[in-house]
Amino acid sequence: MVADLERSILQRLAAVDLRFTSGRRAIVDGLREAEGPVTLPELLDLVPRLAQSSAYRNLALMEEAGVVRRLVYSNDHARYELAESLTEHHHHLICESCGTVRDVQFDTKLERALDRTLEEVSAIEGFEVSRHAIDVFGICSGCAP
Ligand SMILES: [Zn+2]
Ligand SMILES: [Zn+2]
């Protein structure tokens, strides 16, 4: 595991008196390997050594510790990813047919244009933007006719 990532996770877990156990490491490995936020069954497929009994509780504890982010889209199981502060800024492409969620990164130019636009429209409401998260809904290539 990347040293910086490992250190950040250790710190966050230690702050809430949790150790970075092998079960929690397996979860982080699976989430890093995934191409987007995954459900628990998908995570178990990715990391066969993961025990289902402890995985759910560890995900909940790691969410509390700020290591894992839990996402819920309509008609879907909860999905999990590493907290964005531990990874890189990205957005989600959500397939409305199969429910798959894929990470997508926009280039710097588009991100800047997005920020500018969001700041402009938010300023009208006297709202100061600190960050954004964008979910894009549609049909994935696997489901497209
Ligand atoms: Zn799909
Ligand atoms: Zn963005």
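1. Start with Leu114. Setting aside neighbours within four places in sequence, this residue contacts Phe106, His132 and Ile134. Leu114 sits in helix α5. Its relative accessibility is 18%, so Leu114 counts as buried, the cut-off being under 20%. Leu44 is another matter: 70 residues separate Leu114 and Leu44 in sequence, and their C-alpha atoms are 36 Å apart. Keep in mind throughout that this is a predicted model.

2. One of the contacts of Leu114, His132, is also a zinc ligand. Along the chain, the donors follow the spacing H-x1-H-x19-E-x20-H. His89 lies in the loop between β2 (79-82) and β3 (91-95), and His132 in the loop between α5 (108-123) and β5 (135-138), so this pair ties together parts that are 43 residues apart in sequence.

3. How accessible are His89 and His132? His132 is buried, with a relative accessible area of 10%. His89 is partly exposed, at 31% relative accessibility.

4. Cys95 is buried, with a relative accessible area of 4%. Cys143 is partly exposed, with a relative accessible area of 28%.

5. Now the helix pair. Helix α2 (residues 22-33) packs with helix α4 (residues 52-64) at an angle of about 80°, and their axes are 10 Å apart. That angle makes α2 roughly perpendicular to α4, a label that covers 65 to 115 degrees.

6. Which residues of α2 and α4 meet? From α2 come Gly23, Arg24, Ile27 and Val28. From α4 come Ala55, Asn58, Leu59, Leu61 and Met62. The residues of this contact divide into 6 nonpolar, 2 polar and 1 charged.

7. Last, Thr21. This residue is placed in the loop between α1 (3-15) and α2. Thr21 is partly exposed, with a relative accessible area of 21%. Thr21 and Leu31 are 10 residues apart in sequence, and 15 Å apart in space, C-alpha to C-alpha.

Key: Residues are numbered from 1 along each chain as its sequence is written. Chains are lettered from A and ligands numbered from 1 in the order in which they are written. This is a predicted model: local features need pLDDT of at least 70, side-chain atom pairs count only at pLDDT 80 or more; totals for chains, interfaces and linings use all residues. Side-chain values use heavy atoms; hydrogens and water are left out. Donors are N, O and S atoms within 2.8 Å of the metal (3.2 Å for Na, K and Ca); water is not among the atoms, so sites may look incomplete. Helices (H or I, at least four residues) and strands (E, at least two) are DSSP runs, numbered from the N terminus. Buried means under 20% relative accessible area, exposed over 50%, partly exposed in between (1.4 Å probe, protein chains only). Axes are lines fitted to C-alpha atoms, for helices over the stretch in contact, and angles run from 0 to 180 degrees between N-to-C directions. Angles under 35 degrees count as roughly parallel, over 145 as roughly antiparallel, 65 to 115 as roughly perpendicular and the rest as oblique. Contact means heavy atoms within 4.5 Å. Ala, Val, Leu, Ile, Met, Phe, Trp, Tyr, Cys and Pro count as nonpolar, Asp, Glu, Lys and Arg as charged, and the others, Gly among them, as polar.
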